Amino acid sequence: MNKFLTLRGAKRGFSYLVVGGWSAFSVFFILWIILASLKRNRDLFGKPWSIPIDPAWGNYVKTWVNNRFGDYFLNSLIVTSVSVAALLLVSVPAAYVLSRGRFAGRQALSNFFAFGMGVPIPLLFVPLFVIMTTMRLGDSLTGLSIVYVALSIPFSIYVLEGFFASLPSELESAAIIDGCSDFQVFRHVMLPLAGPGIATVAILNFVGLWNEYQLSLVLLNSPENRTLSLGIYSLITSMQYSGGDWAGLFAGVTIVMVPTILLFIILSERMISGITMGGVK
Amino acid sequence: MVVAFLAPALILYLGLLIFPALQAFYLSLFETSGFGDTPTWVGIGNYTRLLSDPIFWGALRNMSMIMVVGGVATFGLAFLFTMLLNSGLRGKKLFRALIFLPNIIAVVAITTFWSFVFMPRYGLLTSVLKALGLTSLASISWTAPENVFFAMMVGLVWISAGFYTILILAGADKVPTDMYEAARLEGASTFQIFRLITLPMIWDVILITLVLWSIHAIKIVEFPYAFGGPNIDQNLYTPAIYLYIMGFGQREPVYALGYSTAIGVALFFLTLVTIVLLRFVFKRERVEY
Amino acid sequence: MTNTILWRSAAAAALSFGMMAGAANAAELVFWSMWNEPEPQAAALRRIMDTYTKAHPETTFKVVWNGRQNQTKLRAALQAGTQVDFADQDGDQLAGGLQKEGLGYEIGADLGDAKAALLPGVLDLYAAGGKVEQVPYIYNTVNIWYNKDMLAEVGGTVPQTLDELFTLCGKLKETSKHALVTEGNVGFYQVLFFSHLLARAKGSDAMIKAFEVKDGSGWSDPAVLEAAKSARKFWEVGCIAEDARGFQYPAGQQTIALGDTMGELVGSWLPTELTESAGADFPWGAFNFPAVAGGVGKATDIEVGLVSVMVLKASPNAKEAAGFVSYLLSEEAQKTLVADGGVGVVRDGVEWPPVLSDAYASAKNATALSGFGGGLGVSYPEFNATVLTPEFSKMFLGQSTPEDFVKVLVDKTKDYWASQQ
């Protein structure tokens, strides 16, 4: 019995060591970036382990004001939240029908959507720009959001379909026997059950779009429309010819990073409660 | 209901993804700079050129390395973390969040961080190795041309492991907890539980994640590109990066849009073949519970 | 504060709903720029435009600060029919992009006497067949940028020949420092060693001449192999530290700021890129790549990286735009660029910022100009990007031999010309 306990203890210890060590590295990574954002450039390169005793808060002021990160922040928040909301509105019902509906060509249609994931995005740069300009949506956050939604559909539907497919069908049948309409079954039975899946898709897309810069680089021009990741991109490209402010770059990165971390903490809480709710039934 | 539920997604998908993609496919049959010149019809010329382009093949090799070696490492870690996190650890939520964390950070931040880790002379890794007295290891140039691809992979796997852990864990959490408890009461080890219960129960999730990984690996641009710096060297090329270099005038004004588009189309078919293959190889009965 | 931001963003969002750039009155010039708005160069341009509008009230400007991807974004805009009157970009990139496509407005006649007032060779560098389609306005020279104090500490003088440079390397190595550094992941910086060595041996157009021999034999000239071997020698004699192979930009240049390395063969943007790390009072100096024994090229032949502005042929306001471009070359405007933008400029007699004074001297005394990396990237960007730069980098960093390098050049050049027929 004793021996058994120590063995279990050792295994426990190993588990904590592996998972804890890996997690600790993530924390180190975040801390290092934040510390880097408070350093002076000389120390950043010469003493990457040093702790800024005299923090250079000016890096933040410069980034937030001169580089207009304040404006970009709002743009990013608007574009990303609107896009994710619209994306869910569009793809959750579609995924539901594709995974649980009964109609001819369902599988084919589902595959057709999945194929979209294979299309390399750079292929679409020029055609999309032309389409958006023709529709008078060029260089606008609205246009960018629409493109974001469209291009995120395949991945979202693909993942959501998986979640819907794994839901027990008894509840569905029971609801139908109780006289629920198709829509009521979706709204009151399946949607709540799929909560954790939807949250996962929302988080993954939010994070992806928050950090997306290639499409926005193509579709947006005016500085007042820029998003945070474009701001980071222009900081990086300014390193050539005029910049060299790497500490300032880290300040920008921290500004981009903090909201996603907060959001993730809040939403992951949600995911957990969603899962436990599902477990009660 | 079917129509109402499907129509918005389908319209957006057709209009802003399929339609432009078809335009691009058509463009790949021409030679054009994209500056409004009259494209020259070359038929499959761009594709035959692709087949005899050593840079493209080098990029394909890198891509396969990412897919296979990176994939084994990523999924190995993801399975390990799922197993350990589900073995009744305290603070599972916290650990899970921290493992996923790199995924929510802008890629440039991550690549800049890793270049500080691997930097010769002043880098984080080098100074740790020096402090530990491992001078021979400390003098290795981790980002020299012969090592830089693997240095890049370390960072990539670091991110991806977190991403796929989340997906696989989300699947594993749907497995009814009483199954785990029953198994644990009968004395099954963590590994046995994972292999005999979790894995078969979440087989559909695994297939989804494998497909996602393959697609991701085939299309990968951002991470190696940002890691490569302003003038990425060919040791880090993936086909999608090559597409970018050839078509979008990065550092040099190379504007072979037709050729670049052909690379994209080739990638698309590569993705299709991979998905079909994966579905065929991993075909199994879907488990319902 | 928050309210202002909210209001401004709301207004901006409202404006952008469906409103597109062009379609304004004839006097509004649309300028797409490679600068980002917060950059000093953008500030200087903004001031120049404001001054111009004051003098010519009928001409106003709508500027889109696109950043470095300007030309690629322009390509998409042209396809969509968006009106752009003029744009700026690195001269090399314009030459291989808009200019090569014949989209530039021939501006030579509009420049008038401004032409004569420029530094030697500036306007001709990109003028294909005598037609001026792009006008350089910012001037970068390629030199060895170095720490003057460090040179003085070892009692060195500015090397005039390659051998003197190698001797200097030895002196610095004794103090366990290094004369030069490079970025292991920036092929186009590394290539500068090759292009300079070849130019010093065979003249400033050697690179292009060698490539244009269609059976590839241009590279079989012993001088090419010699240049490749000399480039390797920079590592062998310890001019460059062994670990520099692994430096990922900007790690290499930072070692200059940190005092490990004396200098780098690079463009005159280096002091600006290192201001934050090295401090404003860093003792910067620059000297030209030294002469090679028995070579026909002079040490005063330089490679340059110019930033140009181009009026688009399709612009309905081409004349007005050309008028502004002429003004951009005026003494007043060029002085603003120096003062506000902190850059070197193209007009003769306009002093560059003090930190760039050696570069100004080298531009003023230039006997021949060629583009970055010997100009191959201007005329043959694809070959330069896919063959020459990566193959040289491989050899330079020790993954292949100088002989392999030459052989690849011969073979690939032959293939290139065969595929062009």
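In the predicted model, Ala210 of chain C is buried, with 23 other C-beta atoms within 10 Å. A residue counts as buried when 20 or more such atoms lie within that distance, so Ala210(C) falls in the buried class. Ala210(C) belongs to helix H9 of chain C, which covers residues 206-211. With neighbours within four places in sequence left aside, the contacts of Ala210(C) are Gly218(C), Trp219(C), Asp221(C) and Val224(C).

Chain C as a whole contains 19 helices and 9 strands. Its radius of gyration is 23 Å, close to the 22 Å that the globule rule gives for 421 residues, so chain C is as compact as a globular protein of that length. Along the principal axes, the C-alpha atoms of chain C fill a box of roughly 65 × 55 × 45 Å. Buried residues make up 58% of the 421 residues of chain C. Among the contacts in chain C with a separation of 6 or more, 77% are between residues 24 or more positions apart.

The domain assignment divides chain C into domain 1 (10-140 + 305-364) and domain 2 (141-303 + 371-420). The C-alpha centres of these two domains of chain C are 30 Å apart. In the contact between them, 15 residues of domain 1 of chain C meet 19 residues of domain 2 of chain C. On the domain 1 side, at least two residues each come from helix H4 (91-99), strand S4 (134-147) and helix H16 (357-364) of chain C. H16(C) gives the most to this side, with 4 residues. By class, the domain 1 side holds 7 nonpolar, 6 polar and 2 charged residues.

Strand pairing was examined next in chain C. Strand S1 (residues 28-33) of chain C runs parallel to strand S2 (residues 60-65) of chain C, and the two pair over 6 bridges. Within this pairing, Phe31(C) has Val63(C) in S2(C) as its bridge partner. S1(C), helix H2 (residues 40-55) of chain C and S2(C) together make a right-handed β-α-β unit. S1(C) is also joined by 2 bridges to strand S3 (residues 86-90) of chain C, again in the parallel sense. There, Trp32(C) stands opposite Ala87(C) of S3(C).

A further group of strands involves strand S6 (residues 261-267) of chain C, which is mostly covered, with 7 of its 7 residues buried. S6(C) pairs with S4(C) in the antiparallel sense over 5 bridges, and Asn143(C) stands opposite Val266(C) in S6(C). Strand S5 (residues 178-180) of chain C runs parallel to S6(C) and is joined to S6(C) by 2 bridges. In this pair, His178(C) is opposite Thr261(C) of S6(C).

Contacts between chains were considered for chain B. With chain C, the contact takes 31 residues from chain B and 34 residues from chain C. The chain B side of this contact divides into 14 nonpolar, 11 polar and 6 charged residues. With chain A, the contact takes 62 residues from chain B and 70 residues from chain A. Elements giving two or more residues to the side of chain B that touches chain A include helix H1 (2-27), helix H4 (92-100), helix H5 (107-118) and helix H6 (124-131) of chain B. H13 of chain B is also one of these elements. H1(B) gives the most to this side, with 13 residues. The side of chain B that touches chain A has 46 nonpolar, 10 polar and 6 charged residues.

Helix H13 (residues 239-247) of chain B has 9 of its 9 residues buried, so this helix is largely enclosed by the rest of the structure. Its buried residues include Pro239(B), Tyr242(B), Tyr244(B), Met246(B) and Gly247(B). Within chain B, the buried residues of H13(B) pack against helix H3 (54-85), helix H11 (203-219), helix H12 (222-228) and helix H14 (257-281). They also pack against helix H18 (381-396) of chain C. Just after H13(B), Gly249(B) takes a positive phi of about 45°.

Definitions and conventions
Residues are numbered from 1 along each chain as its sequence is written. Chains are lettered from A and ligands numbered from 1 in the order in which they are written. This is a predicted model: local features need pLDDT of at least 70, side-chain atom pairs count only at pLDDT 80 or more; totals for chains, interfaces and linings use all residues. Domain bounds come from an automatic or database domain assignment. Two residues are in contact if their C-beta atoms, placed from the backbone, lie within 7 Å. Ala, Val, Leu, Ile, Met, Phe, Trp, Tyr, Cys and Pro count as nonpolar, Asp, Glu, Lys and Arg as charged, and the others, Gly among them, as polar. Two strands pair if DSSP finds at least two bridges between them. A crossover is right-handed if, with the strands pointing away from the viewer, the path from the first strand over the helix to the second runs clockwise. The radius of gyration is taken over C-alpha atoms; the globule rule is 2.2 Å times the number of residues to the power 0.38. A residue is buried if 20 or more other C-beta atoms lie within 10 Å of its own, exposed if 12 or fewer, and partly exposed in between; C-beta atoms are placed from the backbone.
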